[in-house]
Amino acid sequence: MTPAIETVGLVKTYGQTRAVDGLDITVPVGGVYGLLGPNGAGKTTTIRILATLVRPDAGRAAVLGHDVVREADAVRGRVSLTGQFASIDEDLTGEENLVLQARLLGFPRRRARRRAAELLAAFDLTDAAGRLVKTYSGGMRRRVDLAASLVAGADLLFLDEPTTGLDPRSRGEVWDLVRTLVGQGTTVLLTTQYLDEADQLADRIAVIDHGRVIAEGTPGELKSSVGSGVLHVRLLRPEQRPEAERVLAEVLDTRIQLDSDEAALSARVDDVERGAYALAALSRAGIEVAAFGLGQPSLDEVFLALTGQTQEVAA
Amino acid sequence: MTVVLSGARPPRASAVSASLAFGWRSLLKIRHVPEQLADAILAPVLFTVLFTYLFGGAFAGSTSRYLNFLLPGTLVMTVLLVTVYSGLALNTDLTRGVLNRFRALPIWQPALIVGGLLGDAGRYLLSAGLVIGLGLAMGFRPDGGVVGVLLAVALILVFAFSLSWVWTTLGLLLRSPQSVTMVSFLVQFPLTFASNVFVDPATMPGWLQAFVDANPVSHLVSTERALMQGTASAGQVGGVLVAAAALVAVFAPTTMYLYRRKP
């Protein structure tokens, strides 16, 4: 089956900066594919190439089987995009923006108006329909923007940082919308700097840094590539921590992390059984445990391990 | 949210309906931001009224005689000045990121620019109408009659459309709407003032006369005058049309090349 997106050795240079530097990704049809990376990692440039807005300097990219340079028009006929870089017209009303979009996509006049009204209602913008977009709040703008990209059905939807700057409620709404779309068979390419967003939505994730893919897989695979899990322990008596550290180091044969909480410490464990064994060893040594947890590393930890840098804007 | 997912796309918009949709957009913008018509209204009033009474007595002995000489020139000046909006509008779309959305649509790519020019036609007609209307009220009585005046307006509209492509090219090259206005002013100011709009170049020093004679604006003004006086030759009109065609031949493809390749 033809993948939704396939790029091979994609390169785009701006002056001295290699914004995209040999990017290879294959996005299967269906589901959400996340491009995760810090600011300036090349996420937006990649989307611009895939949406036929920018020509790559080297390599090739195909969207739904069509080459983005040679068959740009065929690509445009099947994709839709929304994001910070493709904005709506502030000098028009929300309704006019949507009618214009519908007219440009080939809707006859009356159907265009009807479609705009449907979308305005669905995005809770009916009351603001006749106001100029420049008077809208950030969340309202984002909703018009999303509505504009949903005027006509698309096989592939590019969502460039769709929730940046949104409050938690609007964020949840966007997430629900993405899930609904995916349920209807749309493939979504999502860029985000929010690890929890990628974790929540994406079926597969490519972690991008300096224009390259540095890791790829399902969220679960990415987490287990860093280490299978982490045992967190909280002691009843903080003064027992040095003793606990010694016991755990002996049993688990790994470096023990002392948390800023004076009663807490954590260690990487390979499997659940070993974690349980370590807890038993603590008990035998007379160290009282107030709470413990065994969990997979978060994507934050994955990102840190992969890029050697912390996420500046991570949620 | 099920309403959101309407499924299939309708058949693609034709080149004409896409251009008309963008034309509708420019008219909407005029309706929402009527201030942007200020130039298109003020320039004709200022140029026609002010210059006629300022210079009329001194240059031609009477304002009405001067008006008959000046009016074709102010018509050219005002309409040419307004053409910069084509580049200004395009650059605004570019800097605001609106262009990205349009460029990713499966439409005939020049539609945005062609549609914008359709909207500009409203501006040009408004300016031209004001110049002629004011002129008639102030005593402008051209020998070419109604036909001559209409032909003159038609010719300046054709030329304005062609010149617009110069500004759309600049609109895609420059960084901000302000710089588009600036460059267009720097080009248009010397070309319109160092021409035969205000006075017959016969009394000018030789070097200036040479410039004025070579200035394309002078040729345009002479042709407009001749049309309004009913003395235009086919060669004169043909010359303007060839110049207009040449502008389109060079700048329309350049605009589209830049439009498609915008990084």
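**A helix and its surroundings**

Guide: Let's begin with helix H5 of chain A, residues 138-149: at 1.5 Å a residue its 12 residues should span 16 Å, and the end C-alpha atoms are 17 Å apart, which agrees. The expected span here is 1.5 Å times one less than the number of residues. Helices (H or I, at least four residues) and strands (E, at least two) are DSSP runs, numbered from the N terminus. Before we go on, please keep in mind that this is a predicted model, in which local features need pLDDT of at least 70 and side-chain atom pairs count only at pLDDT 80 or more, while totals for chains, interfaces and linings use all residues. Residues are numbered from 1 along each chain as its sequence is written, and chains are lettered from A and ligands numbered from 1 in the order in which they are written.

Now look at which parts of H5(A) are covered. Its buried residues are Arg142(A), Arg143(A), Val144(A), Asp145(A), Leu146(A), Ala147(A), Ala148(A) and Ser149(A). A residue is buried if 20 or more other C-beta atoms lie within 10 Å of its own, exposed if 12 or fewer, and partly exposed in between, with C-beta atoms placed from the backbone. Strand E6 (79-83), H3, H4, strand E7 (156-160) and H6 of chain A are what these buried residues of H5(A) pack against.

Stepping back to the chain around this helix, chain A has 11 helices and 14 strands. Of its 315 residues, 45% count as buried, and its C-alpha trace spans about 80 × 45 × 40 Å along the principal axes. Two residues are in contact if their C-beta atoms, placed from the backbone, lie within 7 Å. Taking contacts in chain A between residues at least 6 apart in sequence, 68% join residues at least 24 apart.

The contact between the chains takes 33 residues from chain A and 31 residues from chain B. On the chain A side, the elements giving two or more residues are helix H2 (72-76), helix H3 (94-104), helix H4 (109-122) and helix H6 (168-183). That side has 18 nonpolar, 7 polar and 8 charged residues. Here Ala, Val, Leu, Ile, Met, Phe, Trp, Tyr, Cys and Pro count as nonpolar, Asp, Glu, Lys and Arg as charged, and the others, Gly among them, as polar.

Follow H3(A) across to chain B. Two packed helices are described by the angle between their axes and the distance between the axes. The axes of H3(A) and helix H1 (residues 15-32) of chain B come within 9 Å and cross at roughly 165°, which makes H3(A) roughly antiparallel to H1(B). Axes are lines fitted to C-alpha atoms, for helices over the stretch in contact, and angles run from 0 to 180 degrees between N-to-C directions. Angles under 35 degrees count as roughly parallel, over 145 as roughly antiparallel, 65 to 115 as roughly perpendicular and the rest as oblique. This crossing of H3(A) and H1(B) is left-handed; that word applies if the near helix is turned anticlockwise from the far one by less than a right angle, and right-handed if clockwise. Glu96(A), Leu100(A), Arg103(A) and Leu104(A) meet Ser17(B), Ala18(B), Ala21(B), Arg25(B) and Leu28(B) there.

H1(B) in turn is among the elements covering the buried residues of H4(B), together with helix H3 (63-82), helix H5 (98-103), H6, helix H7 (145-173) and helix H8 (177-193) of chain B. In H4(B), 11 of the 13 residues are buried, so this helix is largely enclosed by the rest of the structure. With residues 84-96, H4(B) should span 18 Å, and its end C-alpha atoms are 18 Å apart, which agrees. After H4(B) comes Gly97(B), with a positive phi near 85°.

H6(B), residues 111-138, has a partner too: its axis and that of helix H2 (residues 38-60) of chain B come within 8 Å and cross at roughly 25°. That makes H2(B) roughly parallel to H6(B), and the crossing is right-handed. Our last stop is Asp39(B) in H2(B), which counts as partly exposed, with 18 C-beta neighbours inside 10 Å. Leaving aside neighbours within four places in sequence, Asp39(B) is in contact with Leu81(B) and Val82(B).
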